[in-house]
Amino acid sequence: MRHLDEVTGALEDLAAALGNADEMGPVLQAVCEQVIRVVPGADIASITLRAGSGYETAASTDERASAIDGKQYEQGDGPCLRAMETGKVIRVEVETAVEMWPEFTAVARDLGVGSYLASPLTVASDFVGAINLFGFGGHGFRELDEKYLEMYTVMVETTVRGTHRYLQAKEHITQLRRAMESRAVIEQAKGILMAARGITADQAFQELVDRSQHENVKLHTVAERFVAQMSADPA
């Protein structure tokens with residue numbers, strides 16, 4: 001019962017972190033910090049995410065976790081990558097994994113990690129990874145630990161999915177606002193050129209484009225500079 005209360009508290013703290021999220025980094029860090037409370041055998045944790053054609057450690061509670069993750073990325077194989085590929089929880093004792101993952105085993109052993117548990121994490125098509133747990137010494141993760149991690153991962157996927165969509169929509173709105181602001185200042189610069197030189201809209205736009213290419217700066221930057229210059233010196 002005491003541990004169930006701890007699990008409930010961890011999920012409540014994670015929900016609070018999600019509610020205050022303005023970016024995904026702190027959310028993933030909260031996931032790592034709370035999962036250690038959920039799974040009794042876990043000493044440190046990390047989150048692996050697929051990044052383009054490779055992988056990255058998006059959050060961790062200890063630099064040793066990042067070092068072990070990095071060796072797996074370097075070799076292109078390991079328990080966390082296997083969890084991602086198979087969609088299944090991978091539970092291993094480091095000493096028994098030497099034949100399958102010798103490089104992973106070597107670095108884990110050097111850092112004092114004796115057991116490892118990884119669960120696939122799928123939030124969206126562009127948000128795929130794994131939650132990785134590391135246990136010091138030789139106590140090993142139990143089947144119950146695996147079940148706790150599976151339960152936690154399901155909760156994380158469900159709750160983080162909404163935050164991920166919200167942040168994507170927020171970024172899309174920001175991009176649209178920037179695009180509209182850029183278009184507005186370009187139109188303003190065109191209007192000034194047309195009035196000052198008696199040229200057409202196409203000619204004014206082409207003049208801005210030519211200046212952009214000549215100065216090797218973005219078109220909206222050229223327009224902003226031109227409008228600012230004309231506003232400061234109307235003559």
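Visitor: Why is Cys 80 called buried?

Guide: Its relative accessible area is 0%. Buried means under 20%, exposed over 50% and partly exposed in between, with a 1.4 Å probe and protein chains only. Cys 80 therefore counts as buried. Cys 32, also at 0%, is buried too.

The model is predicted: local features need pLDDT of at least 70, side-chain atom pairs count only at pLDDT 80 or more, and totals for chains, interfaces and linings use all residues. Residues are numbered from 1 along each chain as its sequence is written, and side-chain values use heavy atoms, without hydrogens or water.

Visitor: How many disulfides does a search of the whole structure find?

Guide: It finds 0. A disulfide here is a pair of cysteine sulfur atoms within 2.5 Å.

Visitor: How do you know that the span of helix H8 agrees with its 14 residues?

Guide: Helices (H or I, at least four residues) are DSSP runs, numbered from the N terminus. The expected span is 1.5 Å times one less than the number of residues. For residues 219–232 that gives 20 Å, and the end C-alpha atoms are 20 Å apart, so the two agree.

Visitor: Why is the pair of Trp 101 and Phe 104 called edge-to-face?

Guide: Rings of Phe, Tyr and Trp (its six-membered ring) pair if their centres lie within 6.5 Å; planes under 30 degrees apart are stacked, over 60 edge-to-face, the rest tilted. The structure holds 4 aromatic pairs. In this one, the centres are 6.3 Å apart and the planes at 85°, so the pair is edge-to-face.

Key. Helices (H or I, at least four residues) and strands (E, at least two) are DSSP runs, numbered from the N terminus.
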